[in-house]
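Dear colleague,

I am passing on the structure we spoke about, together with some notes on its side-chain contacts. Please look it over below before reading on.

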Amino acid sequence: MRKSLLYNGGRTLDAVARPYAQATNGTLIESRYVMAERRYSLRFRRDSKMAVTATKVFIPLYPYVKGFDVTHSTGSVSLSVHRDNYAILEYITPPNDQVCSLRITPMKDGCCG
């Protein structure tokens, strides 16, 4: 994460800078962030009739100074890291009506993805 004035003086950033689903290609079952572990979990039932092709997750880089790992149940993910210290994860799942999940956890060493 590059140095930025964006986070200077932020006393509650640990509580508010967290990942969240921007768009889900199905019915949301769970979207949960555990602040103490910086772990985000998302589960949804894929709807093959929906026009949305990807589930999109906003990821602020602030809680993940050393990067993060992404695990998912099926399909594929792609990541776009932006200059303003955030990333957008796109999760593409097979077009069938199944429960899909992904998890974002802090990386011990390394970078994003």
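The count of aromatic pairs comes to four. In one of them, Phe 44 and Tyr 91, the ring centres are 6.0 Å apart and the planes stand at 80 degrees, so this pair is edge-to-face, given that planes over 60 degrees apart are classed that way. Because Phe 44 belongs to strand β3 (residues 39-46) and Tyr 91 to strand β7, the contact ties together parts that are 47 residues apart in sequence. Both Phe 44 and Tyr 91 are buried. Elsewhere among the aromatic residues, Tyr 20, Phe 58 and Tyr 86 form one cluster. Please bear in mind that all of this refers to a predicted model.

Turning to the charged side chains, a search of the whole structure gives two salt bridges. One of these joins Lys 56 and Glu 90, whose closest N and O atoms are 3.8 Å apart, which falls inside the limit of 4 Å. Since Lys 56 sits in strand β4 (residues 54-60) and Glu 90 in strand β7 (residues 86-92), this pair ties together parts that are 34 residues apart in sequence. Lys 56 is partly exposed, with a relative accessibility of 33%, and Glu 90 also counts as partly exposed, at 28%.

The other salt bridge is formed by the side chains of Arg 39 and Glu 37, with an N to O distance of 2.2 Å. Here Glu 37 has a relative accessible area of 44% and is therefore partly exposed.

Note on methods:
Residues are numbered from 1 along each chain as its sequence is written. This is a predicted model: local features need pLDDT of at least 70, side-chain atom pairs count only at pLDDT 80 or more; totals for chains, interfaces and linings use all residues. Side-chain values use heavy atoms; hydrogens and water are left out. Buried means under 20% relative accessible area, exposed over 50%, partly exposed in between (1.4 Å probe, protein chains only). Helices (H or I, at least four residues) and strands (E, at least two) are DSSP runs, numbered from the N terminus. Rings of Phe, Tyr and Trp (its six-membered ring) pair if their centres lie within 6.5 Å; planes under 30 degrees apart count as stacked, over 60 as edge-to-face and the rest as tilted.
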